[in-house]
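User: I've got a model open and want a quick walk through its packing. Can you take me through it?

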Amino acid sequence: MKRKPIFPEFPHMLHGGDYNPDQWQHDPHVLEEDMRLFKLAGCNEMSLGIFAWAALEPREGEFDFTFMDRAMDDIYKAGGRVILATPSAARPIWLAKKYPEVLRCNDHFERNLFGRRHNHCYTSPIYREKVAIINRKLAERYKDHPALLGWHVSNEYNGRCWCPLCQEAFREYLKNKYQTLDALNRAWWSAFWSHTYTDWSQIDPPSPRGEMAVHGLTLEWKRFCSHQTVDFLKSEIAVLKEVCPDKPVTTNLMAFHDDIDYHELSRVLDFVSYDIYPPWRGADKHDIPLAKTIALYYDHHRSMLHQPFILMECTPSTQNWRPFNKLKAPGFHMLASMQAVAHGSDSVLYFQFRKSRGSSEKFHGAVIDHEGSENTRVFREVKELGERLKGLDALVGTYTKSEVALVYDWSNRWMLEASEGFQNRDKKLHDTVLSFYGALWDRGINTDIIGYDDDFSRYKLLIAPMLYSMSEEVGKKFEKFVAEGGHLLATYTTAMVNETDLCYLGGLPGAGLRRVFGIWNEEIDTLYPDETCPVRFADGEKAEAVDYCEHIHSEGAEVLAYYDDHFYAGTPAATRNSYGKGEATYIAFRDTGSAGERLLEEQLNRAGVRRLWDTPLPYGVTVHSRYDEDTEYLFLQNFSYGENTVETAMDLSDLETGEKLTGKIRLAPMETRICVLKH
Ligand code: GLA
Ligand code: ZN
């Protein structure tokens, strides 16, 4: 497959970021300096107008594009391009004061006052109308501007609204979905505690003042709010596409944000973009585990549309909103940026280009400091990266091939977190996902993070961490995958409830998977935080269970490990079952790492998954790759603050220096090398 750049007319690594000249209109010297420093820093992109609604429409129906006209022209003259924002993430005061319905209500059903960002209702017809007007004006004005690359719709959509309009829309959504109250009552098991609904108007969204115990209701409310956000996004996109159909659209996402089902959302985008602010600490013991988490997030964004993504925001130095805001150690900006590129980003963009002088983000890192010149450490590091990115055009649009995928589903997460049972403090879904992902990172294996609606057949191994909720239909998809030769590795709490949170009857795992795993999961024991349970593998190797120990019976599966204590001593703790042409492994206990890793390693080997590097990698070193036709680019990255050496028998060359690489390769602290491999 040939690489496919997101912006074919500008096939370069983008470097730049959020630019807010509307804050500096009183000082033309600053605007001139911005352009000088933009070029000097090796930048080629600005994300413009993200929070500029009050400048663009100072009074209702009165528009002023002076600052934006100038910025578009200046950036283009400086050799740059623009990803232009719609300003819906922060509304002007006049709008909120005149039309209070645009403001959100909180979960106590009280109307908020004007303030902050994203404090608006996604249902309000007035808000939608006002956003459509300003979006249309922007699209009409700039559709043919040579600087325009694409659209940055709103900014980090998030939050939920409990206003009367949203409540009514929620009831409509439920009517469409369930058709009859009988069906809804059954799906929500509302006979419990006498919560049976006899009229649609009786359904209120969950609230600490009211209903929090009907899990089906909680689940549908979260689905509805997510759906309503996507619907709002679609209404923004519709106007842009009507006026300039050829420009790609995105909205910037935030990892595994709880409010929105990003799998659903991504389906309406032309490309995915991502904002990330990792709390790097400048010490191996923190930063190597953190690098794995960040890699997981990148892979997740790349996997949504199975194409490169845009790193829309990161900080060149520090954040300002964490409890402790540390600087990035020298050299770490390069490493962290190359990590994004390694995992599929075609950009490194910042929040923000010039540091604001006042208000809440005045101490947030930026390319240009309050000092104002190029003579800062941060500017020098940004410039150094800019120089390097200019040499990476060959990578733009290259894609990633993965033989392994982790399956993640938002409704599953919402249901698991809302469920009351086993351990209630933290179900440990995120930790479970990370423990498998981290082991793949250590081994240098490309991994996709996919949803239930993705194509399973493109993978050799699927990892199913804590997929507590799945429909019969999804269960059949897993069954087919295994029957046709796929390898499935699942954990404790698999398929306990269906898609409306009703428990499966007839023995777990449900959704038809009991046969696939060849086990019956009878009970789940929860351990106290200070409690462990020894586990023994068939070959005598020992491990330790924490948090969960399911009490399972083999119904044909091979037993790989047994519990060694408690009343379930001697019963199976992990199993493997041949099913059709494939295999399904079940891990019935959580562990501190080693047992899950061993079982994963075995399954990787049995599935014949390729390690990208041909020898084991030292701790803190990883490899990820991108492809273009017969060329593979292997990103060899040393996340350690110490030197490391790797060995290879492959015939590689360094993309940037042309140097031949084989045998022993030395990696300086924090070094990234991009190795070219011809297939
Ligand atoms: C988010 C927002 C930006 C800015 C940064 C600060 O990502 O999109 O506008 O507030 O956080 O880190
Ligand atoms: Zn609302």
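Analyst: Start with α1 and α3: these helices run roughly parallel to each other (an angle under 35 degrees). This is a predicted model, where local features need pLDDT of at least 70 and side-chain atom pairs count only at pLDDT 80 or more, while totals for chains, interfaces and linings use all residues. Residues are numbered from 1 along each chain as its sequence is written.

User: At what angle do α1 and α3 pack, and how far apart are their axes?

Analyst: About 30°, with the axes 10 Å apart. Axes are lines fitted to C-alpha atoms over the stretch in contact, and angles run from 0 to 180 degrees between N-to-C directions. Helix α1 covers residues 28–40 and α3 covers 66–77. Helices here are DSSP runs of H or I, at least four residues; strands are E runs, at least two.

User: Which residues meet there?

Analyst: From α1, P28, L31, E32, M35 and F38; from α3, R70, D74 and I75. Contact means heavy atoms within 4.5 Å. Five of the contact residues are nonpolar, three are charged and none is polar. Asp, Glu, Lys and Arg count as charged; Ala, Val, Leu, Ile, Met, Phe, Trp, Tyr, Cys and Pro as nonpolar; the others, Gly among them, as polar.

User: Switching to strands. What is the order in the open sheet of five?

Analyst: β21-β22-β25-β23-β24, with antiparallel pairing. Strands pair if DSSP finds at least two bridges between them.

User: Which strands stand at the edges?

Analyst: β21 (621–628) and β24 (660–667). Each has a single partner strand, so one side of each lacks a neighbour in the sheet. The twist averages 25° from one strand to the next.

User: How many bridges join β21 and β22?

Analyst: Eight, in the antiparallel sense; β22 is residues 631–638. R626 has Y633 in β22 as its bridge partner.

Methods. Chains are lettered from A and ligands numbered from 1 in the order in which they are written. Side-chain values use heavy atoms; hydrogens and water are left out. Angles under 35 degrees count as roughly parallel, over 145 as roughly antiparallel, 65 to 115 as roughly perpendicular and the rest as oblique.
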